[in-house]
Amino acid sequence: MDRYQVTGMSCAACAARVEKAVSGVPGVEACAVNLLTNSMGVEGTAAAADIVAAVEKAGYGASLQNAQSGQSAEPGVPADTETPKIRRRLIISVILTAALVYVSMGHMMFSFSLPAFFEGNHMALGLCQLLLAGAVTVVNRHFFVSGFKSVLHGAPNMDTLVSMGAGVSFAWSVYVLFTMTRGDLPEQEMPQLYFESAAMILTLITVGKLLEARAKGKTTSALKSLLELTPQTAVVLRDGKEQTVSAADVKAGDLFVVRPGESIPADGIVTEGESAVNEAMLTGESIPVDKAPGDSVSAATINRSGFLVCRATRVGEDTALAGIIKTVSEASATKAPIARLADKVAGVFVPVVLGVAAVTFVVWLLSGQEVSFALRRGIAVLVISCPCALGLATPVAVTVGSGLGAKKGILFKTAQSLEQAGKTDVVVLDKTGTVTAGEPAVTDVLPAQGVSEETLLSLAAGMEQKSEHPLARAVVKYAAEQHRTPAKVSDFTALSGSGVSAVYEKKELLAGNYAFISSKTDVPEQMQASAEALANAGKTPLFFALDRQLLGVIAVADAVKEDSAEAVRQLKKLGMRVVMLTGDNERTAKAVCTAAGVDEVIADVKPEGKFDVIRELQKNGRVMMVGDGINDAPALTAADTGVAIGAGTDVAIDAADVVLTRSTLLDVPAAIRLSRQTLRRIRQNLFWAFFYNVIGIPLAAGVFIPLTGWELPPMFGAAAMSLSSFFVVSNALRLNLFDIRDPRHDKKRKPPKAAQIKEKGEPKMIITVVKIEGMMCPHCEAHVKEAIEKHFNTQSVTASHEKKEAVIVSAEAPDEKELAAVIEAAGYRFVGIGE
């Protein structure tokens with residue numbers, strides 16, 4: 001997505017005009033204009049020059065955003081140059097308007113005394129009001145310039161309404177002032193002038209603009225706080241010497257040092273030293289994480305204690321922090337589906353209001369009222385109407401919601417994903433790495449009679465440390481945690497029949513499954529029963545024997561995460577149907593489900609089968625898929641909302657709509673809560689925007705005068721218009737007070753009236769795994785993905801330089817020769833089609 005900065009927009013009508021103009025440019029596939037940040041996101045192949053030209057033709061300005069240009073700290077956070085200008089205009093306007101109100105109304109309403117030369121001199125009073133109101137008009141000429149330009153381009157906006165309201169008041173007052181020169185007015189009679197109304201309208205609207213600008217600035221505070229985390233300098237090791245350089249000059253492969261209290265300048269791997277690193281700015285987790293050689297570190301995290309030497313792996317725009325900033329920025333640039341109605345109304349709002357004002361004026365004239373009265377009603381209609389509230393209702397809530405999520409380690413890639421997450425009916429959880437830790441761990445140690453636990457662990461660790469099997473590593477790790485010294489063994493050999501052997505003090509040491517060990521020695525019935533119970537609980541019992549005598553059993557399992565059960569409980573409290581989907585066997589899957597509190601399990605499912613299962617579940621409502629592996633990518637793509645655990649593969653993260661950087665399942669219900677609260681704020685804002693105009697416009701037009709006598713002066717209408725936008729923005733800012741991890745107020749969502757059923761004629765998707773050599777970084781991944789999508793009709797393409805493969809989901813399998821040609825043409829080596 002290319003992002004542009006747009007200038008000259010003042011309301012939703014402007015945004016709708018720009019969006020319509022750019023959408024008509026050949027090659028533009030999608031366009032979303034954000035009134036909040038005065039930015040625009042464009043997808044497609046259209047040239048930047050053509051897009052800029054289309055915006056300029058519509059009467060506005062545009063420029064392609066460039067983080068290097070200095071115009072903006074980062075896409076989505078433009079430098080605030082308008083607020084100081086608005087503040088200066090407001091100060092001058094308030095001073096001049098106060099003087100004008102004193103001259104025009106002070107002596108009548110508050111019995112203030114006027115200078116002697118004004119006594120009985122109506123013309124002098126009128127001329128003084130003319131000069132003061134004229135000065136306010138000049139100070140706020142922006143409204144007139146913008147409003148006039150928009151009319152010339154056939155797209156009247158909010159500034160048109162304001163300038164017409166103030167301009168008509170001013171012009172009518174000038175006309176009345178000229179009539180006073182006839183000299184036929186009674187000496188004590190002062191004609192009704194509306195100079196103070198014109199000045200008050202402009203001043204109050206400027207007050208609203210300043211309040212709106214300040215509140216809008218707070219909505220992007222989350223993004224700005226992320227930007228402030230970006231390190232400015234780094235200490236690198238070059239030729240064995242420390243050099244302080246700009247963080248932007250750090251290159252992949254450089255060694256950099258980080259002292260206690262310093263910010264880490266780039267993503268990297270620890271090569272020397274140990275420390276605790278505060279990663280709260282990226283994950284929301286306040287407890288520091290211990291780091292040792294081989295562990296990864298992320299840019300902008302804080303080194304708390306030790307001295308670290310790290311090797312940079314990702315720098316600049318490739319770091320995790322840069323990815324988060326880009327995700328939040330792009331989410332703010334997209335539009336939520338709920339905003340479509342507001343966009344349609346905003347496109348015709350101003351012309352309709354102009355028509356209503358004209359009709360109001362004519363109707364009151366025809367009813368026998370004076371011209372001044374009819375003008376007041378028409379002007380009130382113009383200045384009370386507020387398209388800004390409509391335009392801000394959705395983007396401010398989306399920006400605050402996505403920013404709050406980023407602070408808490410939950411990244412929504414689009415406004416649509418932020419909206420859809422809260423509407424979920426079914427949550428599907430992958431097992432390995434999502435519900436479970438993703439790596440085996442020792443759960444039970446059962447020594448045989450006459451054998452101590454210390455002896456069993458020592459001999460088991462001595463044998464298994466020779467093996468590379470994941471289960472063996474779990475045994476060795478557990479023994480180390482229990483401070484057991486591995487026994488010294490020799491002649492380690494892997495045997496057929498699921499077993500291994502070694503020699504300990506000239507005795508044969510054996511390890512393996514029940515079938516293997518029972519063929520070498522006798523296993524007591526009690527031990528057999530215990531092992532069977534462990535197997536039924538989804539654990540893998542490993543038997544150990546020395547010199548044909550049973551030593552005992554060590555059970556290993558992919559343990560359920562500590563917070564998984566609580567997360568599942570919270571999801572159920574939110575009204576979710578929770579299903580676990582796994583390729584593991586049914587017995588193991590059911591054991592994990594029991595431990596985690598999941599009621600439904602679908603086991604023995606291959607990756608392509610997961611895609612079909614998601615499609616089937618979607619017949620019962622909206623589905624959220626939570627996974628972390630490359631085998632989950634097709635299911636993440638198929639689901640209404642795909643959620644990737646942050647510790648998962650790049651492919652899964654690329655395919656997902658939401659990314660959890662903390663890798664805890666508790667963030668799934670947190671994401672749903674945040675989505676629901678954001679959607680609630682959007683609905684409140686839209687209701688207020690529509691309700692305000694539906695009630696305010698008839699009130700201003702005088703509809704209630706015959707019934708109740710209610711009459712709305714134009715200046716009160718201007719005040720109401722100013723406060724309406726401020727209310728919408730302030731309501732969205734209330735999201736920052738919401739605790740997304742507090743389950744106390746969770747409520748079940750009402751079931752959908754009709755299931756979101758996919759068309760039955762939808763073709764079955766085919767998953768193709770392509771092995772590729774030559775990808776080195778995320779840019780390579782994007783290049784491969786773009787090349788494949790350009791030449792083949794695909795539903796999704798995800799590439800991983802770490803796995804050296806790309807996963808293609810399509811209705812038809814791509815031709816292998818053609819696929820090879822596309823990969824080679826992109827500059828990479830096609831290895832073949834994998835499984």
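The following legends describe close-up views of a predicted model.

**View 1. Helices α6 and α12 pack against each other in a left-handed crossing.**
Helix α6 covers residues 158-179 and helix α12 covers residues 371-384; their axes come within 8 Å and cross at roughly 160 degrees. Angles over 145 degrees count as roughly antiparallel, and α6 and α12 are therefore roughly antiparallel to each other. On the α6 side, the contact is formed by Leu161, Met164, Gly165, Val168, Ser169 and Trp172. On the α12 side, Val371, Ser372, Leu375, Ile379, Leu382 and Val383 take part. Sorted by class, this contact of α6 with α12 contains 9 nonpolar residues, 3 polar residues and no charged residues.

**View 2. Helices α16 and α17 meet at an angle of about 135 degrees.**
Helix α16 (residues 453-464) and helix α17 (residues 470-481) have their axes 9 Å apart. The angle between them makes α16 oblique to α17, and α16 passes α17 in a left-handed crossing. Glu453, Leu457, Ala460, Ala461 and Glu464 of α16 make the contact with Ala472, Val475, Val476, Tyr478 and Ala479 of α17. The contact of α16 with α17 has 8 nonpolar residues, no polar residues and 2 charged residues.

**View 3. Helix α20 packs against helix α25.**
The axes of α20 (residues 564-573) and α25 lie 8 Å apart, at an angle of about 30 degrees. Because angles under 35 degrees count as roughly parallel, α20 is described as roughly parallel to α25. From α20, the residues Ala567, Gln570 and Leu571 meet Val668, Pro669, Ile672 and Arg673 of α25. The residues of this contact of α20 with α25 divide into 5 nonpolar, 1 polar and 1 charged.

**View 4. Helix α25 holds an aromatic pair, Trp688 and Tyr692.**
In the whole structure, a search finds 8 aromatic pairs. The ring centres of Trp688 and Tyr692 are 5.8 Å apart and the ring planes stand at 35 degrees, so this pair is tilted. Planes under 30 degrees apart would count as stacked, and planes over 60 degrees apart as edge-to-face. Trp688 and Tyr692 are 4 residues apart in α25, which spans residues 667-701, and are therefore separated by about one helical turn.

Leu699 and Leu712 are 13 residues apart along the chain, and their C-alpha atoms are separated by 6.6 Å.

**View 5. Strand β3 pairs with both β1 and β2.**
Strands of a sheet pair through backbone hydrogen bonds, either parallel or antiparallel. Strand β1 (residues 2-7) runs antiparallel to strand β3 (residues 39-44), and 4 bridges join the two. In this pairing, Arg3 stands opposite Gly41 in β3. Strand β2 (residues 28-34) is also antiparallel to β3, to which 6 bridges join it. Here Val33 stands opposite Met40 in β3.

**View 6. Three strands form an open antiparallel sheet in the order β12-β11-β14.**
The edge strands of this sheet are β12 (289-291) and β14 (302-303), each of which pairs on one side only. Strand β11 (residues 275-278) and β14 run antiparallel and are joined by 2 bridges. Asn278 has Ile302 of β14 as its bridge partner.

**View 7. An open sheet of 4 strands has the order β30-β31-β29-β32.**
The pairing in this sheet is antiparallel. Its edge strands are β30 (796-800) and β32 (829-833), and each pairs on one side only. On average, and with direction ignored, neighbouring strands of the sheet are turned by 25 degrees against each other. Strand β29 (residues 766-773) and strand β31 (residues 805-810) pair in the antiparallel sense over 6 bridges, and Thr768 has Ile808 of β31 as its bridge partner. Helix α29 (residues 816-825) lies across β29, β31 and β32, and runs at about 155 degrees to β32.

Key: Residues numbered from 1 in each chain as written. Predicted model: local features only at pLDDT ≥ 70, side-chain atom pairs only at ≥ 80, totals over all residues. Heavy atoms only, no water. Axes fitted to C-alpha atoms, helices over the stretch in contact; angles between N-to-C directions. Parallel < 35°, antiparallel > 145°, perpendicular 65-115°, else oblique. Left-handed = near helix turned anticlockwise from the far one by under 90°. Contact = heavy atoms within 4.5 Å. Nonpolar A, V, L, I, M, F, W, Y, C, P; charged D, E, K, R; others polar. Pairing = 2+ DSSP bridges. Phe/Tyr/Trp six-rings, centres within 6.5 Å; stacked < 30°, edge-to-face > 60°.
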